[in-house]
Amino acid sequence: MTDVVARRLTGVRVAPLHPVAWWTWAILLAAAAARITNPLCLGLILVVAGWVAVSRRPQSTWARSYGTLLRLGALVVVIRVVVQVLFGQRLPGHTLFTIPSLALPSWMAGVTVGGPVTADAIVGAACQGLRLAAILACVGAANALVSPFRLLRCVPAGLYEIAVAVTVAVSFTPQVITSIGQVRDARRLRGRAVSGPAGVRGIAVPVLESALERSLALAASMDSRGFGRRAVSASRQRLASAATLAGLLGLAVGVYGVLDAGAPSELGLPVVGVGALLVITGLVATSVGGRTRYRPDRWSGREWVTVFVSAAALAAIVVVGRHDAASLTMPVYPLSLPAAPPLALVGLLLAALPSVVAPPPIDTAVR
Amino acid sequence: MIHFENMSVTYPDQDHPALDGVELKIGEGELALVIGPTGAGKSTLLRSINGLVPHFSGGRLTGRVLVEGRSTADHRPRDLADVVGFVGQDPDATFVADIVEDELAYSMENLGLSAPTMRRRVEDILDILNLHPLRQRAIMSLSGGQRQRVAIGAVLTAAPRLLVLDEPTSSLDPISAEEVLAALSRLVHDQGVTIVVAEHRLERIVHAADTIVQVAGAGGGVRAGPPADMLATSPVAPPIVRLAQVAGWDPIPLSVRDARRLAAGLRTTLAAPPDEAPVERGAPGPAVATVRRLSARFGRLLALDGVSLELAAGEVTAVMGRNGAGKTTLLRHLVGLRSPEQGTVTVAGHKPSALRPVEAARLVGLVPQDPASMLSADTVGDECAEADHDASLARGTTRSTLERLMPGLNDEMHPRDLSEGQRLALALAIVLAPAPPLVLLDEPTRGLDYIAKARLTALLRGLAGDGHSVVLATHDVELVADTADRVVVLADGEIITDGPTREVMCHTPGLAPQVARILAPAEWLTVTEVASRLVESGSMS
């Protein structure tokens, strides 16, 4: 902590927190949220994620997307409640009002439309919506805290070319949006309709042409700056990339097999093992390429603390879930006040620690 | 340093070579300026230095290009990255990273340099190009001049002995251009870097050049020589050279400072400055458009702040000001692409933003910064036919307008294959076909050579003569001096000056054209008016 203050005073750059640390923190917190419908705990997660994001996000375009994700979360809650009111299962409870119900043909027996709407059902639906909103808020916080460019810099050498493609795509999206705006304007200037099939063609052709010109310019610039100069041989690269991707796929399938009780057991551990082996082979095969990295992000005590506190929060939720699962859910049918499990609340509160531990953001946008 | 030996380039599907029989040597530590008309092959010449031609472009290259002894025939651009730094026309299309520092390091990462070396070079380049305060900034938040310096820095970190730049200042305002050129001249003088640069606006850079390489065009050859000799016979020449030719100065001065020393005699001969305007015109007609207390904002940024303006028929108005001063926003309001949040905009009694596109196009037309964004058809002929259809005009109206602007354009050409000047003429023809009383042009001289600009001047004066009101948003002071009746200067969204061209330009040092700077305090603007006075007074035949 003191060195943060000292470096700020002397004006030396404090390296921002490692992107992988931020994403691990967010994913573990989101995993905790996924196990909860208790609005007290979910509210705490929203506050913790929001507090950390607001206090440590840099001033950048990506950071501004945080608000959009929060609004999306609110929309999810609203949609969940509306769906419940219109089509939800009808269980007994405190009836608030009744909407006219629709008689459905017999082959749609499982579906109900309309009928009495209970406070229990609405609260239950809202809490389920809130869970999704909390997960979105965690992802949004990570997105606000780390620009995708910084995250892609952490990709291992074996996946470098894929990372470059993603980077280019990420930076092209805003340019294509600008370009679409320009062409729409130009069409209006010609006194043309902006919508309809003719409108789509008239916009798509110039936008694609300018996107193509831009990508050629980018490719020329990358080539002129030595891209691909000291890469390993193309066939070896292709083989390694294929191995890495197949390995990642294997890992995903394997983890699903391990976690999902319904999946056949032989799908589990062996597939994970083979997948991991493939990934490691792919990465090692290409790591001998001649690229070096400028000021790579470092993993130090702060990163460990960040990962540790979020793991602790998840662990607290898991432990509470084992011993007293009811305290993590919103009690409906009958409706009553949610519990306040002390271990879970303390654990989640711990996850706010990065707002102090992580170095303050560096201004990248303010003139 | 660079040696072209009988080099010829023929692009695929072309019958004639783009460059033929080029013999050229550029020595260590020189600043070589490549000049020539639009489409003459300047870019081809530059791109063949680091092997982008033919490795990237395709086509056939005969002869040899040697760069520090390496032949481009068997070295790809990436193999020359540590010898040649190449900066293209549009810096925005070349960025790979989002933060300045990472962008600077990119080429070194590709070269596999060690971490301490990379760190040292990045710090060096940050200091040399004065980018240090911007090192952690997002590139997209920088101004045009700053971005161009980042693009230059990004190739310099690989420590090339040679820097190649293709029109590095074409989209910059005069001050940002100055910033970039100052950085280049520091590199030549202090770091001993060899620089090859193509530029249309010679007035900005010619005084710093050691050699001029002239590309004749039409598959012709390439000549090189000392700047004064080359410019004396060149079809493209900056105002200072044309003034020297008119006044009979020898040797030809290349900087305003040298010219002023020679100009004492000329100032006496010329006597009083002309009372009449630089170009003949009638009295301004009735107001075509009125803007009252117009304000516009982008988020927290105030783009226009209480702007009031009247635009008269038969008048050419130039809107000037820094990048981001609000010029484009003002034009967008006038043409109805933005509706005013505060204040009013009326064109011929209508609110342009409330009209249907077809109706608006009859009242006001805008040629956008990138004319290509208006064009979507496959041939020039189709483009004209579609324009007639869109604006419900009689068939052939747009085509005959185009014939007036640029005679002899082939109907079968693809719009993307036209030169910048031809593309501008096509877009202008589409805009002019419905005969709108108000015509707006946003930065029309990007990529135009002096010949194309002279044609544009004649054309815009002709429009004003026919009773159109013409508005130009531009950085090009020489074009404004030649063309405009009135200059409006915007700064931070406010009009800070509005007056006759001569008065505004001669009293604002940042906006003064070369002739005004040479002949100050006498208020002369253009070579044409100096020449005609000399003819009148009998000092020149």
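This is a predicted model: local features need pLDDT of at least 70, side-chain atom pairs count only at pLDDT 80 or more; totals for chains, interfaces and linings use all residues.

Me: Which residues of H2(A) and H3(A) make the contact?
Reply: From H2(A), Leu29(A), Ala32(A) and Ala33(A). From H3(A), Leu42(A), Ile45(A) and Ala49(A).

Me: And how many of those are nonpolar, polar or charged?
Reply: The contact of H2(A) with H3(A) has six nonpolar residues, no polar and no charged.

Me: What about the angle and the axes?
Reply: Helix H2 of chain A spans residues 19–34, and helix H3 of chain A spans residues 39–56. They pack at an angle of about 165°, and their axes are 10 Å apart.

Me: So roughly parallel or antiparallel?
Reply: Roughly antiparallel. The cut-off for that is over 145 degrees, so about 165° qualifies.

Me: OK, switching to chain B. Which domains is it divided into?
Reply: Domain 1 is 2–236, domain 2 is 238–270 + 515–541, and domain 3 is 287–507.

Me: How far apart are domain 1 and domain 3 of chain B?
Reply: Their C-alpha centres lie 32 Å apart.

Me: How many residues does each put into the contact?
Reply: Domain 1 of chain B gives 15 residues, and domain 3 of chain B gives 15 residues.

Me: On the domain 1 side, which element has the largest share?
Reply: Helix H6 of chain B, residues 174–191. That helix supplies three residues to the side touching domain 3.

Me: What's the make-up of that side by class?
Reply: The side of domain 1 of chain B that touches domain 3 has five nonpolar, eight polar and two charged residues.

Conventions. Residues are numbered from 1 along each chain as its sequence is written. Chains are lettered from A and ligands numbered from 1 in the order in which they are written. Domain bounds come from an automatic or database domain assignment. Two residues are in contact if their C-beta atoms, placed from the backbone, lie within 7 Å. Helices (H or I, at least four residues) and strands (E, at least two) are DSSP runs, numbered from the N terminus. Ala, Val, Leu, Ile, Met, Phe, Trp, Tyr, Cys and Pro count as nonpolar, Asp, Glu, Lys and Arg as charged, and the others, Gly among them, as polar. Axes are lines fitted to C-alpha atoms, for helices over the stretch in contact, and angles run from 0 to 180 degrees between N-to-C directions. Angles under 35 degrees count as roughly parallel, over 145 as roughly antiparallel, 65 to 115 as roughly perpendicular and the rest as oblique.
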